[in-house]
Amino acid sequence: MRTRMLVLGCLAAALAATGLVGGTVARADEEAKAPPDPTRGQWDSFLDPLRDFEDNYVTGGQKWVEDRTKIHLFAGFTEAYTWDFNQPRSGSLIALHSLEHHNDGVPVIGQLGASRPSDGWFVPGFGLKLDAGKDARDIKSDWNGNGVVKHGDTFETNDFEIEEAYLTWAMPDDGPSSLKGLSLKGGKFVTLLGAEVIEPWSNFNYSRSFLFSLAIPFTHTGALVTYPITDKLSVTGGAVEGWDKVRSNNRGWSGTGNLTYTVNDQVTLAANVIGGPEQTNKTGNKRYVGDLVATIKPTSALTLLLNYDYGREDGAALNGDLALWQGFALVANYNFTDRASAAVRGEWFEDHGGSRTGTMQTLYEATVTGKYLITQHLYGQIEYRHDESEKGDAFPKDSPGQVNSSTGPIPITKFTDGQDILGFNVTYVFN
């Protein structure tokens with residue numbers, strides 16, 4: 001209940017901040033040329049008062065604040081219900097998933113955020129994302145540097161996380177022309193790697209892929225430098241504490257980088273990499289991941305995402321040898337109308353050394369997600385997903401009955417080759 005109230009309170013605070021300024025209602029600038037609302041003038045016109053509220057009080061408030069302070073405020077909230085037909089313990093994280101829980105009514109994520117660009121030579125910009133809910137706990141970083149999240153630190157066990165908190169600086173217009181576009185970022189920020197992100201409203205599918213959950217990190221703490229080599233090619237590089245760490249557990253830094261090439265309006269290619277020590281109190285054993293992402297828009301209605309990851313880590317396999325993992329995912333999203341769309345994802349993931357899943361296996365998954373836009377900021381999704389392991393007996397399946405032990409009754413657990421998952425969610429987002 002405390003978590004639910006915190007999430008709802010955060011969302012209410014965001015609405016107040018963006019819609020009420022100085023005791024007066026901020027309304028949209030009548031001269032602003034906003035894109036047409038695709039949800040107006042249709043069968044659900046009875047929701048137009050809600051759409052008016054969004055335009056006048058929320059979007060208008062965002063613009064009012066940004067015009068006067070250059071600060072962009074945003075907020076999002078997702079409530080979801082997911083059912084794993086293997087019926088694991090209610091509230092538990094679904095096997096081999098990173099953010100989806102079985103039969104759990106706790107709010108998934110409520111997020112408040114703010115950003116501002118740097119101004120001239122001496123005023124830095126900033127970025128901030130504050131998360132509450134189940135996802136906040138699932139993406140939690142190691143804040144105290146003991147190498148284990150959720151152990152020995154009260155903050156690491158709650159449902160609140162500072163997803164991002166960083167300062168930025170960009171070369172001013174009156175700087176050297178050869179350095180035009182150069183920017184710096186320092187603090188805590190999301191990873192460069194991957195085709196999917198933490199926020200559910202920024203992905204085509206609701207559930208995350210195995211690549212997102214098992215192959216790459218969530219966030220980093222460190223510093224990055226970005227420079228546009230041409231108007232189509234940019235490069236980013238820097239040093240970070242490692243995977244999901246605020247304080248390092250081994251005094252070893254990792255290097256990370258990105259190369260993005262915009263071929264044209266239809267094709268964008270990105271290559272990402274991270275490498276460095278990740279094992280507690282060890283700097284000799286290194287972990288490396290290479291990540292390739294292609295975004296292709298053959299038509300205005302169709303978007304394709306292709307993602308390939310390859311990783312390796314010294315001394316991390318179950319037998320103590322070199323651990324290797326790789327995977328490929330393809331997502332196709334099609335907009336049938338301005339309000340209705342569907343996304344299909346297929347994926348293959350190999351864990352050669354067992355370091356990512358706890359056993360040596362090959363995983364497959366297929367997911368289909370339908371989405372309907374209720375207003376410009378409110379939408380619902382329904383999703384069906386099937387996971388399969390080539391090894392077999394990789395997914396727990398609770399069965400009736402129990403056995404007695406010295407500590408009390410223990411539920412009997414069976415295992416199956418796969419799992420089927422059905423989910424529903426509603427999201428309200430202002431970005």
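Modeller: A residue is called buried when its relative accessible area is under 20%, exposed when that area is over 50%, and partly exposed in between. The model here is predicted.

Biologist: Let us turn to charged pairs. How many salt bridges does a search of the whole structure find?

Modeller: The general idea is that side chains of opposite charge can pair when their charged atoms come close. In this structure the search returns 23 salt bridges. One of them joins Arg40 to Asp55, with 3.0 Å between the closest N and O atoms.

Biologist: Where do Arg40 and Asp55 lie?

Modeller: Arg40 is in the loop between strand 2 (24–25) and helix 2 (48–69), while Asp55 is in helix 2 itself; the pair therefore ties together parts that are 15 residues apart in sequence. Arg40 has 27% relative accessibility, so it counts as partly exposed. Asp55, at 23%, is also partly exposed.

Biologist: Which residues are linked with Arg40 and Asp55 in a network of salt bridges?

Modeller: The network takes in Asp37, Arg40, Asp44, Asp48, Arg51, Asp52, Asp55 and Arg339.

Biologist: Next, Arg208 and Glu100. What is the N to O distance in their salt bridge?

Modeller: The side chains of Arg208 and Glu100 meet at 3.4 Å, N to O.

Biologist: Is Arg208 buried or exposed?

Modeller: Arg208 has a relative accessible area of 1%, which means that it is buried. Glu100 is buried too, at 3% relative accessibility.

Biologist: What links strand 6 and strand 7?

Modeller: Glu161 forms a salt bridge with Lys188, the closest N and O atoms being 3.4 Å apart. Because Glu161 lies in strand 6 (residues 160–170) and Lys188 in strand 7, the pair ties together parts that are 27 residues apart in sequence. Both Glu161 and Lys188 are buried.

Biologist: Now the rings. How many aromatic pairs does the search of the whole structure find?

Modeller: The search finds 8 aromatic pairs. To read one, look at the angle between the ring planes: under 30 degrees counts as stacked, and over 60 as edge-to-face. Phe53 and Tyr57 have ring centres 5.1 Å apart and planes at 15 degrees, so this pair is stacked. The two residues are 4 apart in helix 2, a separation of about one helical turn. Phe53, with a relative accessible area of 36%, is partly exposed, and Tyr57 is partly exposed at 26%.

Biologist: What angle lies between the planes of Tyr428 and Phe430?

Modeller: The planes of Tyr428 and Phe430 are at 70 degrees, with 5.1 Å centre to centre, and the pair is edge-to-face.

Biologist: Which residues form one aromatic cluster?

Modeller: Trp143, Phe155 and Phe160 form one cluster.

Definitions and conventions. Residues are numbered from 1 along each chain as its sequence is written. This is a predicted model: local features need pLDDT of at least 70, side-chain atom pairs count only at pLDDT 80 or more; totals for chains, interfaces and linings use all residues. Side-chain values use heavy atoms; hydrogens and water are left out. A salt bridge is a side-chain nitrogen of Lys or Arg within 4 Å of a carboxyl oxygen of Asp or Glu. Buried means under 20% relative accessible area, exposed over 50%, partly exposed in between (1.4 Å probe, protein chains only). Rings of Phe, Tyr and Trp (its six-membered ring) pair if their centres lie within 6.5 Å; planes under 30 degrees apart count as stacked, over 60 as edge-to-face and the rest as tilted.
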